[in-house]
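Thanks for making the time this morning.

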Amino acid sequence: MTLPPPATPPSRTPAGFFDARALTEPVNPAEVDEFARAHRRANPTTAGQIVAWVFVIVALLLIVPVAGVLLMGIGYAIGRDSGVLLGGLVGLLLLGGLSVGVIALVRRANRQRALTRFRLSRFAAANAMTYLDRIDAPPLPGLIFQAGSGRMSTDVLRGTAPRFVEFGNYQYTTSNGKQSQTHRWGYVAVKLDVPLPNIILDALGNNTLGSSLAAGFRRDQRLSLEGDFDRYFSLYCPEGYEVDALYLFTPDVMARFIDHSAELDVEIVDDWLFLYTKREASTLDPATWAWLFGAVGALLVKLDQWARWRDERLRAQAAPAALASPAPGAPALPFTAPATLLTPPPVGVAPPGRRLRRRSPWIIVGIVLGAMFLVTTAPFALGILVMLTSR
């Protein structure tokens, strides 16, 4: 949901000028409080939040009496009646202290969250963008937006000119039946002019064990490019689209990716360009915003070249237009017009290029079963071999 603008937003800066003052300059506490009240009015308490509070209250009602009885029992064992009174007093003091501490921590966390929202909203207004606190299940076609459950974008900053660009933090949860894991990413989404083949640039500089963005794709789709590009990225493109990838990633485009995005994973899917990072993209750190703004700005100047790309496979599939002489009585033209209506050239990507092919899970299953077979049968085979050779 889009939050109302702050009470006194900073003046908008000229296009192309980066203004990060709102992230660090002193703020008026009264404005922050008013902003927090506006946020609460725009985001009423949800059923899930009510259930969570009920659960906490019920848990306290169950735990506090048990703890009180335990303390009074210990007091009785130590000092009889006076010990019971002392144990009850200690229990009340502990309960009061715990309650005050929890309330203080919650209020501090809420105020810090409100301050973060306030600063990011002012920062967005100063840089010709809008701020959205949260988007559930964002409708984006990127790889990370299709996995797991509980998908949610937070602290989203969105601009629409000269093209749609969105910055945000994203999380989703996966589970193997026994335990769950929450995955967190920062991302930048850029709307392109035309659909392009599905291409993954897996940044080698941010890979840790098991964290490669392209780990699930077939290795035969990896394309090696000239220069030092392979030292920074692994490029994956659909089979048969190698020439198209070379057209899109010319040496000057590759140089821009290396200079500005060597720590970012890159995905092109449909008419979207995504930049992914393992750190928060929407943050109060001006250096992070300067880095991301610079990366996006360096790439935007090359998107005009990408907009001229067309999939020749679609042209081949389209029915050839009939070219003939003008019909009798047609007005004279400086060129020979076709007699039949011509359709515009197709725009898009043929089905083989829309998505990269994933590894078959049956290969992994076969490897696991084969390893289990070898481990379980190797001792018996070794024993039989020893028996045969000892005779």
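This is a predicted model, and across the protein the pLDDT averages 76, with 66% of the residues scoring at least 70. Over residues 4-15, however, the pLDDT falls below 50, although that stretch still makes 23 contacts in the model beyond its near neighbours in sequence. Residues 321-326 are also below 50, and there the model shows 13 contacts beyond near neighbours in sequence.

Let me turn to the strands, taking them in order of pairing. Strand β2, residues 149-159, and strand β3, residues 165-175, run antiparallel and are paired through 7 bridges, and the two form a hairpin with 5 residues between them. Within that pair, Ser153 stands opposite Tyr170 of β3.

On to the next partner: β3 is also joined to β4, again in the antiparallel sense, by 11 bridges, and here Asn169 has Gly186 in β4 as its bridge partner. The hairpin of β3 and β4 has 4 residues between the strands, and in that hairpin Gly177 adopts a positive phi near 95°.

Strand β4, which spans residues 180-203, is in turn antiparallel to β7, and 10 bridges join the two; for Ile200, the bridge partner in β7 is Glu267.

Technical notes:
Residues are numbered from 1 along each chain as its sequence is written. This is a predicted model: local features need pLDDT of at least 70, side-chain atom pairs count only at pLDDT 80 or more; totals for chains, interfaces and linings use all residues. Side-chain values use heavy atoms; hydrogens and water are left out. Two strands pair if DSSP finds at least two bridges between them. pLDDT is the predictor's confidence in each residue, from 0 to 100. Contact means heavy atoms within 4.5 Å.
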